[in-house]
Amino acid sequence: MATCQYRNSRESLVVLRCVGADQHFQEKVIFPFESWCFDCPTGSRIDVWAHGISGVELLETLPADALRAHEP
């Protein structure tokens with residue numbers, strides 16, 4: 001497991017989904033300018049969703065390693 005951090009820099013809420021091995025799944029609504037720290041398995045995929053003009057749309061997909069929190 002790795003500790004990751006995501007900050008929503010948008011002016012609207014987003015839904016962050018972490019999808020990993022062995023049926024790992026977590027989902028969190030993140031409000032504008034809110035940060036969220038979470039644990040997820042190494043190699044997980046992070047999907048960021050938001051409400052768009054035509055409904056819910058996928059904004060970005062990134063590897064969880066790209067959000068790994070820097071430990072002091």
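This report describes strands, loops, salt bridges and a surface patch in a predicted model.

## Basis of the description

The model is predicted, and local features need pLDDT of at least 70, side-chain atom pairs count only at pLDDT 80 or more, and totals for chains, interfaces and linings use all residues. Residues are numbered from 1 along each chain as its sequence is written, and side-chain values use heavy atoms, with hydrogens and water left out.

## Strands 1 and 4

Strands here are DSSP runs (E, at least two residues), numbered from the N terminus. Strand 1 and strand 4 pair in the antiparallel sense over 6 bridges, where pairing requires that DSSP finds at least two bridges between the two strands. Within this arrangement, Arg7 stands opposite Ser35 in strand 4.

In a regular strand the side chains alternate between the two faces of the sheet. Buried means under 20% relative accessible area, exposed means over 50%, and partly exposed lies in between (1.4 Å probe, protein chains only).

## The loop between strands 1 and 2

Asn8 lies in the loop between strand 1 and strand 2, and Asn8 counts as buried because its relative accessibility is 0%. The side chain of Asn8 reaches the backbone oxygen of Ile30 at 3.1 Å. Not counting residues up to four places away in sequence, Asn8 touches Leu13, Val14, Ile30, Phe31, Pro32, Phe33 and Glu34, a contact being heavy atoms within 4.5 Å.

Leu13 is placed in the loop between strand 1 (2-7) and strand 2 (14-19) and, at 40% relative accessibility, counts as partly exposed. Together with Val29 and Phe31, Leu13 makes a nonpolar surface patch of about 260 Å². Such patches are made of residues with over 30% relative accessible area and no salt bridge, with like charges joined within 9 Å and nonpolar side chains (Val, Leu, Ile, Met, Phe, Trp, Tyr) within 5 Å.

## Salt bridges

A search of the whole structure finds 4 salt bridges, each defined as a side-chain nitrogen of Lys or Arg within 4 Å of a carboxyl oxygen of Asp or Glu. In one of them, Glu60 is joined to Arg10, with the closest N and O atoms 3.6 Å apart. Because Glu60 lies in strand 6 (residues 55-63) and Arg10 in the loop between strand 1 and strand 2, this pair ties together parts that are 50 residues apart in sequence.

Another salt bridge joins the side chains of Arg17 and Glu27 at 2.4 Å, N to O. Arg17 lies in strand 2 and Glu27 in strand 3, so this pair ties together parts that are 10 residues apart in sequence. Arg17 is partly exposed at 29% relative accessible area, and Glu27 is partly exposed at 43%. Leaving aside neighbours within four places in sequence, Glu27 is in contact with Val15, Leu16 and Arg17, and the C-alpha atoms of Glu27 and Val15 are separated by 6.8 Å. Arg68 also forms a salt bridge, with Asp65, at 3.3 Å between the closest N and O atoms.

## Positive phi in two loops

Asp22, in the loop between strand 2 and strand 3, has a phi near 55°, a positive value in a residue other than glycine; Asp22 is exposed, with a relative accessible area of 78%. Phe33, in the loop between strand 3 and strand 4, likewise has a positive phi, of about 65°, although it is not a glycine, and Phe33 is partly exposed at 44%.

Note on methods:
Areas by Shrake-Rupley, 256 points an atom, 1.4 Å probe, with all protein chains shown as cover. Helix = DSSP H or I, 4+ residues; strand = E, 2+ residues; numbered from the N terminus. Polar contact = N/O pair within 3.5 Å; in protein donor to acceptor, adjacent residues only side chain to side chain.
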